[in-house]
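Thanks for coming. I have one structure to go through today, so please look at the screen.

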Amino acid sequence: MPARTTFSLDSLSTNISKIFDQAQSTTANHQKNLVALHKLQTEAATCTESVQNGMSTKLTGERAFEDAFINMISRILPVKKGASVADRILRFVGSYTKFMVQKDVEERKTKDAEEAEEDTTSSRFIIRVFRFLLKGCAAKDKTIRYRAVQCMAEMVQYLGQIDEDLYELLRAALLERIRDKESVVRVQAALALCKICTADEPDEPPTITDVLVDTLCHDPSPDVRRVILTNIPPGPITMPAILSRTRDVDAAVRRAVYTVTLNPDAPGKEESKSELELDATHPRSLTIAQRELIVRNGLGDREETVKAAAVKLLTCWMDLVGESAPEPEGEKPSNVVAFLGLFDLFQTSAPEDALISVFGARPDVLDTIEFPPEYWDWKTLTPERAFLARVFTEHCVTTKDDARLESSLPVVGVIALAIQDTFNSYQEDLDKEEEDNLLLAGMDDPDLDEQKARREEIQFDREVVMSELLKLAANLDYADEVGRRAMFQLTRAMISRHALPENVIMRCLDVLRKLSASERDLIRVVVEVVHELRDSGLDEERDQSGPDDNETNFGETPATQKTVRALPKPTSELSPEQKARADAIDLKCLSLCIGMLERVNGRFEDNSTLEGILGELIVPAVKRKELLLREKGLVSLGLCCLIARRMALNSFQLFLSQVQSAPEVLKLRVLQIVFDILMVNEGDFLGPGSTNGDRIVEFLLHVLENEESEKVQALLCVGISKLMLSGMITDDRVLRSLVLVYMSPETVDNLELRQCLTYFFPVFCYSSPPNQRRMQKIFVEVFTQICQIHKEWEEDEDVITPLQAGLMFVDWTDPMRASVVAKKIPGQEVDESIHIDLASDITKTLFRDDLTKTEKKTLCQLLGKLHIPETIDDDKIRTLKLLMHNLRNRRPLREASSKNAFNKFEATLTKKFEKQLEAFDETEYRQLEHLKELFEFLDDIIPLSDDEDIEPPKKRAGRKRRSESVTTDASSSRADSGEEGSSIGSRPRGKGKAKRRRLSQSDDESDDNKTERGESPAVVIAPTRVMPRRSAAENAKKAVTKSMKPPDSSSEGDDEDDEDDDEEEEEEGTPAPPTRRASGNKQQPKRTSTSTKNNPKENDDNEDAAGHDSIMDDSIMDTSIEANDDDDEDAEEVDDIL
């Protein structure tokens, strides 16, 4: 054996260096070196020195060991990230801290309590090292800060007891580094804070947990968010922030939520997490909303890796809840049923998606699912069991696994019997509840509320079971005639009952639709049921009205009476109870009609039985003033219009009138009907030969302008976007309005609207080069209005800048984006010259003298973003070159950055198309007829002298006024030409902000048009509310009104406008929107013929005819019922139209 060497402080530094040299090469020898290093430290601790005459002891050995150890660490600090040797050394330092603390704990167990509280060699060593590292946290070098915080993160998780002062210094340093500008430093600081957050008890907020939650939600670095996500202890405080990362922008962060944070089977989780934290991630510890959020976001993720991680988490959940709640029927089915108990099965589709994903990931679950006869007993058939059977059936039908389906499900008669028993039990519960309410009325018993709640829960379960079984029945094979008849009779009897819930009615209609031979049979059955329900209501009224007067005496022969169906009594003659009962029956019948019409695709004329329901039920419901009845009546009428072209033409004006006056809930349904009618009857309303297309477009823009509800605005944008995508609306005004609404700062909070248009514009532009051309044509006008909006809202952070708006247009009009789709469509070619034309538009705009330097700089920056094709038409490139040449000579750019960007673009263009521009002669170019307007534009430009610099017009101070919209602008332009484009009236508003001079006609012509009679409006629009002058509502004007303000541009020829013209324009004022009906002065809007165009002379000669003809003439819903004097205005309006 070799002789044992004696310990010497002189060789301590050399021995420590050898250990660190071995540790940096590989982690395999770390354990051996940990023992050797601890032995050196123990031996060094025995070297002491007495000072002050033996009154104290100097720990010279410990001091030498600490100096040597810190010397080794200091050599690692300047090493940049990515060096594996440095990472191994720091990992070795952390392991040694753990090893040293464990040895210290073992020694403390053998000592007394007083001795255990004294400082030890390891505690003094840790304090010394941490104080050294704290100095590195404040270093200017980012590498030193990174390595210092990394070393602290490796050591801090193994600390035992620590000095209070040192903990405060450590906490403060880490909280400061988590705000470091370098993401790598923040990662290590977050890792260290996650280790000590559970022991944090600060005197003042915020706590470490609060800081970590805030960083998790808002840190820009995905690495920082992922480190916090995988290391922060789950709990009630942190769980909302953890679940919010399921919608993180980084896929790795989203995947970490499912694979590490929420997954109890994650590698190393049992070692790193305590028992309490494991319980926090258990599915039963989460709320139902949190579970559904996890399922919805995980299974709906666009990344397959994230989706696979979510499916794996769900299978783990099923095993966890199945082990804690086994059932006697079998292990696997009980797991599935217990798994379904984690969700609210009937509010969202998340439980169904979760179960289907489990079926796909675990085929063994499907193999063990069976449905024995006792499974269908209504007494034990819970909502979870019914849901499982229905989803299992749909999964087998979708995957075409007919063999599994036939072997698992019973015959149709068994399922029909289960539905019938459940329905009978439901009906008995309702009857018993009604009797109990009569007996216990007026009694004050505290147990009644509990009994009522328990009874309502049981009834809800019965409804759910019936609904799920009926959904299952819609997927069955009805080859068995006995089972088919039983199911048909059962479903028909169920929809005839008054107390059947509406959701169950819809499921019954699905079954009847499959069992019926044709749509006509389905309509016949539903119409019969409606008549039975209404007749039963009349019979009840007849029974309550008293005995029959036509009684016969004994011995007399009774007279034969004809069974004539009695007409319902007028509403005014019914008692409140009878009226409530009749309304309930009408609501039930309307629900049946809606469900039937939603499942019918045939023509209305082919089903004559629908005419009776239309006249007896639907039209009277439309006239009712009760909101619920009126809503269902309008929905039923709208569904009829989808299968009846003539009815749609006659009733369309009725729906338009309801849009203006209805409350928000009803307005949403009516707008849905309007857009559905427009989509179905394309050629009749918005087709090329339609006379009403422009009027309908103006009406939609008018509603969009004056609407205050965000939901209605979003619905309008969704509907208009669909019409534009289908090519039914091609008006550039509509496209311009949608762009301005999208970019307006007033729609920032309308997320539904923003999301719709964010998807619409790229799809609209990339799907067709002509659509990109339309977007290019509106750029200049939209850009000008965006600049005005930006000036008015310059202090708002949510305002889209003109540069951002311009970049959006450049992206939307990029021909390379549309080339992918255009190549797949035969006959469609890519229009590569769009950006060249856009460059010409931008260059023309730069000639204007009302643009600020910033706006010109923005336009010049956009030039460099344009796509320049390899080949281009000679006329287009020469036109662009000519415009740029004249801009440099006549209106040169003053600002340096603008000039540089413009010159760079021109140089690129000149170099690329040098050959096409060689033989360019402006004199010959002027002879071309189609370029006449271009040269007229250039000839009107007045050159500027070198010392002349035009200042943009200053913004006039004063109050804001209501800006004009596209609709108002269009109406005024039509009025200038002698026509009125809409029913929008005008009234002088006194002196206000001066309008720009109208260039289309003189002032005399304008005055003549004001007094001209006989002009009928082009669109029948209900009056809108008047905005009072100087009202506070002007300061909060809606997005469309503010964003659609036309640009304040003037012609080059009108340079000598004097003060008299301005005063006349101020007196003329701005046309105001139409007023609603004032009290005591009701005004009906004029109606015009839709078959002829507006002509002033014809309207003068045929003024009476214009007031008679409308798109509601010759309506099939004309009635002779006179309105009573006490009917409200809405009923009068409906009667006028009907």
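This is a predicted model: local features need pLDDT of at least 70, side-chain atom pairs count only at pLDDT 80 or more; totals for chains, interfaces and linings use all residues.

Start with the salt bridges; the count comes to 53. As background, side chains of opposite charge can pair when their charged atoms come close.

Take E66 and R128, whose side chains meet at 2.9 Å, N to O. E66 belongs to helix α3 and R128 to helix α6, so that the bridge links distant parts of the chain, 62 residues apart. E66 is buried, because its relative accessible area of 7% falls under 20%. R128, at 21%, counts as partly exposed.

The next pair is R645 with D684, also a salt bridge, with an N to O distance of 2.9 Å. Here helix α31 is linked to helix α33, across 39 residues. Both partners count as partly exposed, R645 at 48% and D684 at 22%.

E870 sits in the loop between α43 and α44, while K912 is in helix α45, 42 residues away. E870 counts as exposed because its 63% relative accessibility is over 50%. K912 is partly exposed at 35%.

Now the patch. D119, D163, E164, D165 and E168 form a negative surface patch. E168 lies in helix α8 and is partly exposed, at 39%.

Last, helix α43, residues 853–863: which residues are buried there? They are E855, T858, L859, C860, L862 and L863. These buried residues pack against α39, α40, α42 and α45.

Definitions and conventions:
Residues are numbered from 1 along each chain as its sequence is written. Side-chain values use heavy atoms; hydrogens and water are left out. Patches are made of residues with over 30% relative accessible area and no salt bridge: like charges are joined within 9 Å, nonpolar side chains (Val, Leu, Ile, Met, Phe, Trp, Tyr) within 5 Å. Accessible areas come from the Shrake-Rupley method with a 1.4 Å probe; for residues, only the protein chains shown count as cover. A salt bridge is a side-chain nitrogen of Lys or Arg within 4 Å of a carboxyl oxygen of Asp or Glu. Lys and Arg count as positive and Asp and Glu as negative; His and the chain ends are not counted. The place of a charge is taken as NZ of Lys, CZ of Arg, CG of Asp or CD of Glu. Helices (H or I, at least four residues) and strands (E, at least two) are DSSP runs, numbered from the N terminus. Buried means under 20% relative accessible area, exposed over 50%, partly exposed in between (1.4 Å probe, protein chains only). Contact means heavy atoms within 4.5 Å.
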